[in-house]
Amino acid sequence: MSTGTRRAPRPVTPASVLSHRLGALLRSPDLTPTLRQELQQAYDLAAGLDPYLEEHTSPASPALRDLEERTRAHDWLAPSAGGGALEQEMLSGAVEGQLLKLLVHATRASRVLEIGMFTGYSALAMAEALPPGGRVVACEVNASVADFARDAFTRSPAGARIEVRVGPAQETLRRLAAAGAVFDLVFLDADKAGYLAYLETLLNGRLLAPHSLVCVDNTLMQGDPWTGGPASANGAAIAAFNRAVAADPRLEQVIVPVRDGLTLIRRAGPTPPPPQS
Ligand SMILES: C[S@@+](CC[C@H](N)C(=O)[O-])C[C@H]1O[C@@H](n2cnc3c(N)ncnc32)[C@H](O)[C@@H]1O
């Protein structure tokens, strides 16, 4: 893969979409001074949120910062990089990466599954939090970006704890289930239209340990599920996913409004005994 073309990231969180729109309104010449002042305050509130979260979150490791930098610098429009099918905005980033690390620590997960790896940022973040002997199995359908991630993993000691599985994730899940694999924590971040099917495979395929936590990314989808704007395919898929999860008596869940939304899901019911360490 070649590196080179760099562009500013487009807004992909509800707060950054909001600040982008407020910024455009602020450039209107027709505003009264009062309306301009009100809009400026609304803009400051929205535009400051994501940077404030990042400033007050534990910093990412040098390996993660390097991976983010190299992902941003990469030319994702090059034919060898998929010609635009992948984009730098897919990378979860410092705040969500740190949240995933804390979840791995807090749940004492040692068997982690990622569905949708991209350049490997979230996989590496979770691997950094694993106890000795812990593993991340990371599923990715795009062989080229999987190579990009593998190269990044060689630059960090935590990278040796990541096992990359290339291919459609549903096939990989079926193979893992057939081999008797069980996971303490799953991070679901692949094709949004596949989310419900992935969740069913996880729940029915005996891939989840009794205490397991399933973390699902982009469940706010830039506000599409509740703004009623022009429905994107991803927005419609996430709206359907959120409705189905909320109505599923087997599950207990919360949407954490970090970045583009992270839903945390556990099986409803009594708390199982803690995992053996
Ligand atoms: C949003 S990105 C993942 C970002 C990554 N988790 C991170 O935080 O940096 C989604 C990834 O899922 C991959 N993907 C899409 N459909 C897939 C499938 N059916 N099986 C496996 N991976 C898939 C895409 O190629 C892409 O790299």
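User: How many cavities of 30 Å³ or more does a search of the whole structure find?

Analyst: The general idea comes first. Rolling a probe the size of a water molecule over the atoms shows where empty space is left. Here, a search of the whole structure finds two cavities of 30 Å³ or more. A cavity is a set of points, on a 1 Å grid over the protein atoms alone, where a 1.4 Å probe fits but cannot get out. A volume is the space filled by probe spheres set on the points, which are joined across faces, edges and corners. This is a predicted model: local features need pLDDT of at least 70, side-chain atom pairs count only at pLDDT 80 or more, and totals for chains, interfaces and linings use all residues. Residues are numbered from 1 along each chain as its sequence is written, and side-chain values use heavy atoms, with hydrogens and water left out.

User: Which residues line the largest cavity?

Analyst: Lining residues have an atom within 4 Å of a point. Among them are Ser58, Pro59, Leu64, Lys101 and Tyr121. The volume of the largest cavity is about 40 Å³. Helix H4 (residues 94-107) gives the most to this lining, with four residues. Helices are DSSP runs (H or I, at least four residues), numbered from the N terminus. By class, the lining has five nonpolar, four polar and one charged. Ala, Val, Leu, Ile, Met, Phe, Trp, Tyr, Cys and Pro count as nonpolar, Asp, Glu, Lys and Arg as charged, and the others, Gly among them, as polar.

User: What lines the second largest cavity?

Analyst: Ala63, Asp66, Leu67, Arg70, Leu124, Ala152 and Arg155 do. The volume is about 30 Å³. Helix H3 (residues 62-73) supplies the largest share, four residues. The classes are four nonpolar, no polar and three charged.

User: Is Ser92 buried or exposed?

Analyst: Ser92 counts as buried, because its relative accessibility is 5%. Buried means under 20% relative accessible area, exposed over 50%, partly exposed in between (1.4 Å probe, protein chains only). Ser92 sits in the loop between H3 and H4. Leaving out residues up to four places away in sequence, Ser92 touches Tyr121, Ser122 and Arg259. Contact means heavy atoms within 4.5 Å.

User: At what angle do H7 and H8 pack?

Analyst: Two packed helices are described by the angle between their axes and the distance between the axes. H7 (residues 169-178) and H8 (residues 195-204) pack at about 0°, with axes 11 Å apart. That makes H7 roughly parallel to H8. Angles under 35 degrees count as roughly parallel, over 145 as roughly antiparallel, 65 to 115 as roughly perpendicular and the rest as oblique. Axes are lines fitted to C-alpha atoms, for helices over the stretch in contact, and angles run from 0 to 180 degrees between N-to-C directions. Ala169, Gln170 and Leu173 of H7 meet Ala197, Tyr198 and Thr201 of H8.

How values were computed:
Helix = DSSP H or I, 4+ residues; strand = E, 2+ residues; numbered from the N terminus. 1 Å grid on protein atoms, 1.4 Å probe; cavity = no way out; pocket = protein on both sides within 12 Å on 5 of 7 lines; lining within 4 Å.
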